[in-house]
Amino acid sequence: MLTTVYKVLFENANEGIFLVNKQGVILLANESLEKLFGYKSGELINKPLDMLIPRKTKGKHSELMGSYFDRPSKRYIGGANILYGLRSDGIEIPVEISLSPYVYKGESFTLAFVIEISERLAAEEKLRQHQRNLERMVEERTLDLTKVVEELEIAHSELNQAFIKERELNELKSKFVTVVSHEFRTPLATMSSSLSLIRNYVHKEDPAKILNHVERIKSSINHLSEMLNDVLEVNRIEEQKFTVVPESLDLTAFVKSLKEYFEPLLVAGKTLTLSVPENLEVESDKKLLRHILQNLISNAIKFSFNNSEIALKLEENGEDLLFSIKNQGLGIPDDDVQHIFEPFFRGQNTGHIVGTGLGLNIAHQYAMELKGRIFLESEVNRSTTFYLSLPRHFLNEKKDSHN
């Protein structure tokens, strides 16, 4: 069946080669095939091909071999679907097979070339493992890079915040210089002018006019003192140089004392009315609450029309208290409302009315320290109402927060 040349090639080929008939019987097998499957020379001849097939795939192999002989053609078996052969010692080995149909004297045969691919599969697995390691390293480096980028973004954000803070601080400094230079100059000029006039009136022995200018000086000094106090309060808030000291407080008596305090300061027909429940006991910081309400009442008086009413009202709303201070006066333009609690902000319609623009900022900060808030309603040239909402039981809240 084999010529001399083909026999030499058959016997000396590195690949395992065998010839099988339609019945699945091995007719020829070279030395490489015998070594590959662990058989002695000639031991495979006239043996069924199934002895080289693992038991789990014998049924499928018989079916495939039958269909192959029905439509014989050159085929390659293996690749992505790994094919296994069975050695004589029962060990399964991965192989690839090339099939070629062969006809001799009218009878069909199949010539098969078999190579064992264990080393190649191991190399491919090693390559895949190396690839997985590389992918993991890339992923880790990506995570590290992502973390670095996030840290840089945080640092950039913090730097931007620092720049914004610095810009805001510079703007506040600029506003402070502008307000102080303007607001301090006016009372100082008044005092200087009054002192010069007093000197003239002393020679003329006019005590009434001297007394009038003394009152003007006292008023200017009070104004300067109030401005300095506001600046000091802002500094205390910025540096947190104060502590909230809640105490039991007779709020009814407390609010009535505020009315008594402001009664002498009402001029030009202005009146202050009061509506407050009787025997109202609360817990809050008396000093901070006084500062907030005095500021809101003082502003209501300052910016109200002559011969108008300032109404101070206190209501209970469950566990909250709601103060309202309403006046008939200049009102606050819509464009100014969003800035009204900013330090040194003065409304566009305040005109010649004196002020530093710090009072509402301080009141707003203190309200938050008391777990409350300030909000407002206003209509230009009609009225403005400031609201102060506070919890009734500040002490209880503080205790609960530590439970």
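Trainee: How do you know that strand β11 and strand β13 are paired, and in which sense do they run?

Mentor: In this predicted model, β11 (residues 320-328) and β13 (residues 383-391) are joined by 9 bridges and run antiparallel. One of the bridge partners can be named: Asn327 faces Thr384 in β13.

Trainee: What makes Helix α9 a helix that packs on the sheet?

Mentor: Helix α9 (residues 359-369) touches β12 and β13, where contact means heavy atoms within 4.5 Å. The direction of α9 makes about 135 degrees with that of β12.

Trainee: Which strands form this sheet, and in what order?

Mentor: The order is β8-β10-β11-β13-β12, an open sheet of 5 strands with mixed pairing.

Trainee: Why do β8 and β12 stand at the edges?

Mentor: Each of them, β8 (271-275) and β12 (373-379), has a single partner strand, so one side of each lacks a neighbour in the sheet. On average, neighbouring strands of this sheet are turned by 15 degrees against each other, direction ignored.

Trainee: Which residues of α6 are buried, and what do they pack against?

Mentor: Leu251, Thr252, Phe254, Val255, Leu258 and Phe262 are buried. The buried residues of α6 pack against β7 (247-250), β8, β9 (281-284), α7, β10 and β11. At the start of α6, a side-chain oxygen of Asp250 comes to within 3.3 Å of the backbone nitrogen of Thr252.

Trainee: How do you know that the span of helix α7 agrees with its number of residues?

Mentor: Helix α7 (residues 286-302) has 17 residues, which at 1.5 Å a residue should span 24 Å; the end C-alpha atoms are 24 Å apart, so the two values agree. For α6, with 12 residues, the reach from first to last C-alpha is 17 Å, close to the expected 16 Å.

Trainee: Which residues of α7 are buried?

Mentor: Among them are Leu288, Leu289, Ile292, Leu293, Leu296 and Ile297, together with Asn295 and Asn299. At the start of α7, a side-chain oxygen of Asp285 lies within 3.0 Å of the backbone nitrogen of Lys287.

Trainee: What makes the approach of Ser32 to Ala13 a polar contact?

Mentor: A polar atom of the Ser32 side chain lies 2.6 Å from the backbone oxygen of Ala13. The cut-off for such a pair is 3.5 Å, so the distance of 2.6 Å falls within it. Beyond residues up to four places away in sequence, Ser32 touches Ala13, Asn14, Glu15 and Gly16.

Trainee: How do strand β4 and strand β5 pair?

Mentor: Strand β4 (residues 83-86) and strand β5 (residues 92-104) pair in the antiparallel sense over 4 bridges. Leu86 stands opposite Glu92. Their hairpin has 5 residues between the strands, and Gly90 takes a positive phi near 85 degrees there.

Definitions and conventions:
Residues numbered from 1 in each chain as written. Predicted model: local features only at pLDDT ≥ 70, side-chain atom pairs only at ≥ 80, totals over all residues. Heavy atoms only, no water. Pairing = 2+ DSSP bridges. Helix = DSSP H or I, 4+ residues; strand = E, 2+ residues; numbered from the N terminus. Axes fitted to C-alpha atoms, helices over the stretch in contact; angles between N-to-C directions. Expected span 1.5 Å × (residues − 1). Buried < 20%, exposed > 50% of the residue type's maximum accessible area, 1.4 Å probe, protein only. Polar contact = N/O pair within 3.5 Å; in protein donor to acceptor, adjacent residues only side chain to side chain.
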